[in-house]
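This report looks at an aromatic pair and at surface patches in one structure. The sequence and model come next.

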Amino acid sequence: MEDPFDDIKEDVEINLKKCEKIAKKLTDEATSPTGEGCSKGFYEVVEMIKVDLKDLEVSIKVVEKTPERYGLTECEVEERVQWLIIMENKLHRIIESVDEKETTDGPFVDDDSPDEQENNADELLRQHFDKQRESNREQDVELRRLDAAVCRQKEIAVGIDEELTAQDKLLDGLGERIDATTAKLVKLSRKMDRLINETSDTKKMITIILLSLVLVALIILTFT
């Protein structure tokens, strides 16, 4: 699953560069805008950056608790924290430079009315939040798929373990039955030797046949 941090990071860096360019125009004595909408555009971009940085701060707090769960190392998490601090400080300095200019020369004048400015800012924020929600939905779908795959693998592993346990029990039982049958065969063989030595040839033959039949019966009973 693609890490959304990199995408949001790229958006922040792009918007921060845009913010720097607008701030430069606003603070330049020679080109300080009047009625060009630069001030409105500046604060709209600032709000977007603040929202992105807040989302990244929340995600970092979640990841730093168990970084291995998200395929990250502690060093990578620390790098993200340091990057976030740098971006927040950079944005703060840009805002301070513009605020200082407005304090010195008065607020910049825009052609758009306050209502239009507010509507435009709301529209930009709405689009941004829609994009974030769509990204979160995609992540939720991927997480559910991953969770289902892990559950299936767990069920398969449990089934294999149960099957191996059952096979071990069967082998143990078979080994015990073989040992018991072997002991019976040894005992029977001794009896046959004793009877052969004590009886006539005819009786010996009958005894051998009978004992052989008993032996075959025992073998059949043992393996059925």
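## The aromatic pair

Phe5 is buried, its relative accessible area being 6%, and Trp83 also counts as buried at 11% relative accessibility (buried means under 20% relative accessible area, exposed over 50%, partly exposed in between, with a 1.4 Å probe and protein chains only). Rings of Phe, Tyr and Trp (its six-membered ring) pair if their centres lie within 6.5 Å, with planes under 30 degrees apart called stacked, over 60 edge-to-face and the rest tilted. By this rule there is one aromatic pair. The ring centres of Phe5 and Trp83 lie 5.9 Å apart with planes at 70°, so the pair is edge-to-face. It links distant parts of the chain, 78 residues apart, with Phe5 in helix α1 and Trp83 in helix α3 (residues 74–105).

## Basis of the model

The model is predicted, with local features needing pLDDT of at least 70 and side-chain atom pairs counting only at pLDDT 80 or more, while totals for chains, interfaces and linings use all residues. Residues are numbered from 1 along each chain as its sequence is written, and side-chain values use heavy atoms, leaving out hydrogens and water.

## The nonpolar patch

Leu171, Leu174, Ile178, Ile219 and Phe223 form a nonpolar surface patch with about 460 Å² of accessible area together (patch residues have over 30% relative accessible area and no salt bridge, and nonpolar side chains, namely Val, Leu, Ile, Met, Phe, Trp and Tyr, are joined within 5 Å; a salt bridge is a side-chain nitrogen of Lys or Arg within 4 Å of a carboxyl oxygen of Asp or Glu). Helix α4 (residues 114–198) supplies the largest share of this patch, three residues. Ile178 lies in helix α4 and is partly exposed at 35% relative accessibility.

Terms used. Helices (H or I, at least four residues) and strands (E, at least two) are DSSP runs, numbered from the N terminus. Patches are made of residues with over 30% relative accessible area and no salt bridge: like charges are joined within 9 Å, nonpolar side chains (Val, Leu, Ile, Met, Phe, Trp, Tyr) within 5 Å. Accessible areas come from the Shrake-Rupley method with a 1.4 Å probe; for residues, only the protein chains shown count as cover.
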